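Welcome! Take a look at the sequence and the model, then read on.

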Amino acid sequence: MPTALTLNPSEIRSLSAEFESAPPAEMLRWAFELFGNEAAIGTSFQGAGLVTIHQAVTAGIPLPVFTIDTGLLFEETLELKTRLERFFGIVIESLVPELSVEQQAHEIAPDLWISNPDLCCTLRKVEPLQKKLGRLEAWITGLRRDQSAGRSKTQILELYQFDRLREKNILKVNPLARWSRVEVWDYIRLHGIPYNPLVDRGFRSIGCYPCTRAVISGQDERAGRWTGFDKTECGIHTFLGENI
Ligand code: SF4
């Protein structure tokens with residue numbers, strides 16, 4: 001079994017360019033054949049994640065699926081997880097933070113998302129994800145270029161150095177990088193895939209309830225996250241800066 005460290009960065013760049021015109025299922029099959037269960041789909045149940053899971057399940061590619069349950073998700077999101085498990089016939093692993101929301105309030109600060117949202121995201125999202133990535137070689141994401149200016153340069157394959165101390169790289173696979181929001185939602189409706197009812201109430205990118213607002217038309221997809229803060233990412237895609 002190869003590891004992400006043994007992959008040659010120039011080969012990854014050329015394969016990534018080839019995948020620009022391939023269907024997502026082709027990339028998912030490639031990842032599964034190369035890494036087996038050490039490749040996994042990470043999703044917060046946004047549109048692109050739903051399409052990715054559908055592409056894998058309908059093509060018979062048994063990639064594991066995981067999500068991060070911060071303890072601060074909307075009730076609608078938790079219900080959606082159950083509906084998706086039933087719809088796809090899969091089990092979705094929930095990664096949870098070390099501290100419960102109550103422990104965090106007691107040991108660090110109440111409402112940490114107001115006083116220090118970066119620390120809150122680190123404790124509740126980044127750290128559980130880092131632990132999971134330590135057991136994986138490929139992380140399949142729902143990143144899309146048209147989600148925000150910060151995501152506009154997303155490549156289909158990226159080597160991501162997530163643990164400098166151990167020099168561990170992981171391959172990020174972004175099969176829907178080139179898809180538009182319209183394409184994603186046409187696909188979801190065409191295939192009758194369950195989705196978060198908050199979408200129909202103006203929420204375009206849905207995370208924890210203290211940090212998510214509906215957006216107005218014409219705004220970036222992620223404009224409703226961390227309103228009032230100079231923050232557009234929780235850190236799970238940026239915690240070590242540059243991709244390789
Ligand atoms: S999105 Fe908000 S509530 Fe959720 S982990 Fe980040 S700061 Fe905390």
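Predicted model: local features only at pLDDT ≥ 70, side-chain atom pairs only at ≥ 80, totals over all residues.

**The chain as a whole**

- The protein chain has 244 residues, and 52% of them count as buried.
- Among contacts in the protein chain with a separation of 6 or more, 71% are between residues 24 or more positions apart.

**Around the ligand**

- The ligand is surrounded by 10 residues, and the closest are P117, C120, C121, C208 and C211.
- By type, the shell around the ligand holds eight nonpolar residues, two charged ones and no polar ones.
- Helix α7, which covers residues 117-133, gives the most to this shell, with five residues.

**A closer look at helix α7**

- With 17 residues, α7 reaches 22 Å from its first C-alpha to its last, which is close to the 24 Å expected at 1.5 Å a residue.
- If you trace α7 to L123, you will find a bend of about 35° there.
- L123 is also one of the buried residues of α7.
- The buried residues of this helix also include P117, C120 and C121, and these three are among the residues closest to the ligand.
- Further buried residues in α7 include R124, K125, V126, P128, L129, K132 and L133.

**Two loop residues to look up**

- F45 has a positive phi of about 70°, although it is not a glycine.
- You can find F45 in the loop between β1 (39-42) and α3 (47-58).
- Is F45 buried or exposed? F45 counts as buried because its relative accessibility is 6%, and the cut-off for buried is under 20%.
- D111 also is not a glycine, yet it has a positive phi of about 50°.
- Look for D111 in the loop between α5 (101-107) and α6 (112-115).
- D111 counts as partly exposed because its relative accessibility is 39%, and partly exposed lies in between the cut-offs of under 20% for buried and over 50% for exposed.

Key
Residues numbered from 1 in each chain as written. Heavy atoms only, no water. Near = heavy atom within 4 Å. Helix = DSSP H or I, 4+ residues; strand = E, 2+ residues; numbered from the N terminus. Nonpolar A, V, L, I, M, F, W, Y, C, P; charged D, E, K, R; others polar. Expected span 1.5 Å × (residues − 1). Bend = angle between axes of the 7 residues up to and from the residue. Buried < 20%, exposed > 50% of the residue type's maximum accessible area, 1.4 Å probe, protein only. Contact = heavy atoms within 4.5 Å.
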